[in-house]
Amino acid sequence: MKGRYANLNRIRALDPERDYLDIYQTMLRYEFPWDMKLGLNLAFNRSFSIPAIAAVHTTTGELTDRTQKRIDDTGLLMYEMVLNGFEQPRGRDALRRVNQIHRPYDIGNDDFLYVLGCLVVVPTRWLQEYGWRPPCCHERQATHLFYRELGRRMGITDIPGSYEDFEAWFTAHDAAHLQPNDDAAAIERATRMLMLTRIPRIPRMLGPLGNALVSAMYDAPLRQAMRVDTPPWPVRAGLHVGLKLRARSQRWFGAPRTTALFADGIKTKSYPDGYDISQLGPQHDSVHE
């Protein structure tokens with residue numbers, strides 16, 4: 001058990017204000033690789049649930065017509081920034097590409113802020129509930145600081161000054177704006193495979209339930225916004241118990257990961273032979289197809 005907390009001990013010795021990138025990288029690559037990837041998937045799904053944001057996505061057709069590529073492109077750009085930070089060439093290139101992709105659209109600051117909040121709050125809440133240990137204060141602070149810096153470099157303003165303030169803003173905005181809408185429903189149907197690919201990592205006894213388990217990962221307001229049926233309570237209860245048992249098993253019998261996630265590069269279905277960051281995302285001639 002002593003070695004199980006080696007990374008946590010190192011994180012607690014760091015300064016989140018200065019070392020937020022190191023801390024956030026450790027969370028993703030060593031401490032919570034599966035949970036962080038799943039949490040970011042859930043954040044991605046929630047980010048297009050607000051009607052105004054969903055409408056932009058359906059207009060482009062990227063998520064409904066070119067779903068796998070859009071999912072892969074988003075993941076690659078995000079991971080390039082996390083793995084390299086904003087000062088290294090690949091991280092700078094990824095950030096530049098993100099800004100280029102968003103430039104043609106008239107997106108309000110609150111909509112950008114909501115998407116940023118999804119990335120900050122949704123994975124953190126997942127870890128709090130189902131991680132093998134809850135995230136510590138340094139990890140919550142580092143998560144906030146990483147995305148605050150991302151938001152600043154994207155020109156987003158009025159970013160709350162702490163994780164707690166951002167969570168409070170996110171909760172209030174979610175309650176006020178998360179409404180049932182057809183655009184979000186269409187995108188969820190197209191992107192459901194993103195969550196289905198995570199199901200095999202859930203205990204084998206729950207695997208055959210597939211779609212019902214995906215629906216059970218969404219909370220009630222999100223299911224309502226996406227027009228997703230509420231799964232039977234045994235499915236919801238079984239998922240909760242299975243994830244809790246997984247967390248306890250990892251806590252007591254797991255060991256620190258020694259090989260970093262993505263140590264051999266980021267593998268995606270869309271780019272089996274590698275990719276050029278400048279070509280990720282919609283190209284100008286397809287943006288308004």
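Rings of Phe, Tyr and Trp (its six-membered ring) are taken as a pair if their centres lie within 6.5 Å; planes under 30 degrees apart count as stacked, over 60 as edge-to-face and the rest as tilted. On this basis Tyr24, Phe86, Phe146 and Tyr147 form one aromatic cluster. The model is predicted, and local features need pLDDT of at least 70, side-chain atom pairs count only at pLDDT 80 or more, and totals for chains, interfaces and linings use all residues. Residues are numbered from 1 along each chain as its sequence is written, and side-chain values use heavy atoms, with hydrogens and water left out.

**Aromatic pairs**

A pair of aromatic rings is described by the distance of the centres and the angle of the planes. The structure holds 12 aromatic pairs. One of them joins Phe86 and Phe146, which are stacked at 5.1 Å centre to centre, with 20 degrees between the planes. Phe86 lies in the loop between α6 and α7 and Phe146 in helix α9, so this pair ties together parts that are 60 residues apart in sequence. Helices (H or I, at least four residues) and strands (E, at least two) are DSSP runs, numbered from the N terminus. Phe146 also pairs with Tyr147 in an edge-to-face arrangement, at 4.9 Å centre to centre and 90 degrees between the planes.

Phe86 is buried at 5% relative accessibility. Phe146 is buried with a relative accessible area of 0%, and Tyr147 is likewise buried, with a value of 0%.

The expected span of a helix is 1.5 Å times one less than its number of residues. The two helices are set out below.

| Helix | Residues in helix | Expected span | Span between end C-alpha atoms |
|---|---|---|---|
| α6 | 18 residues | 26 Å | 26 Å |

Helix α6 is mostly covered, with 13 of its 18 residues buried. Just after α6, Gly85 takes a positive phi of about 75 degrees.

In α7, the buried residues are Gly91, Ala94, Leu95, Arg97, Val98, Asn99 and Ile101. Their cover includes α6 (67-84) and α9 (137-153). Leu95 of α7 is buried, with a relative accessible area of 8%. With contact meaning heavy atoms within 4.5 Å, and leaving aside neighbours within four places in sequence, Leu95 touches Met81, Phe86, Leu150, Arg153 and Met154. Leu95 and Ile277 are 182 residues apart along the chain, while their C-alpha atoms are separated by 9.7 Å.

Two packed helices are described by the angle between their axes and the distance between the axes. Axes here are lines fitted to C-alpha atoms, for helices over the stretch in contact, and angles run from 0 to 180 degrees between N-to-C directions. The axes of α2 (residues 16-31) and α3 (residues 33-47) come within 6 Å and cross at roughly 115 degrees. Angles under 35 degrees count as roughly parallel, over 145 as roughly antiparallel, 65 to 115 as roughly perpendicular and the rest as oblique. Helices α2 and α3 are therefore roughly perpendicular to each other.

On the α2 side, Tyr24, Met27, Leu28, Tyr30 and Glu31 meet Pro33, Met36, Lys37 and Leu40 of α3. By class, this contact has seven nonpolar, no polar and two charged residues. Here Ala, Val, Leu, Ile, Met, Phe, Trp, Tyr, Cys and Pro count as nonpolar, Asp, Glu, Lys and Arg as charged, and the others, Gly among them, as polar.

Asn7 is placed in helix α1 (residues 6-12). Asn7 is buried, with a relative accessible area of 14%. Not counting residues up to four places away in sequence, Asn7 touches Thr26, Tyr30, Glu31 and Pro256.

**Backbone angles in loops**

Most residues other than glycine have a negative phi, and most peptide bonds are trans. Asp158, although not a glycine, has a positive phi of about 60 degrees. Asp158 is found in the loop between α9 and α10 (163-177) and is exposed, with a relative accessible area of 64%. Arg227, also not a glycine, has a positive phi of about 55 degrees. Arg227 lies in the loop between α13 (220-225) and α14 (233-253) and is partly exposed, at 48% relative accessibility.

Conventions. Buried < 20%, exposed > 50% of the residue type's maximum accessible area, 1.4 Å probe, protein only.
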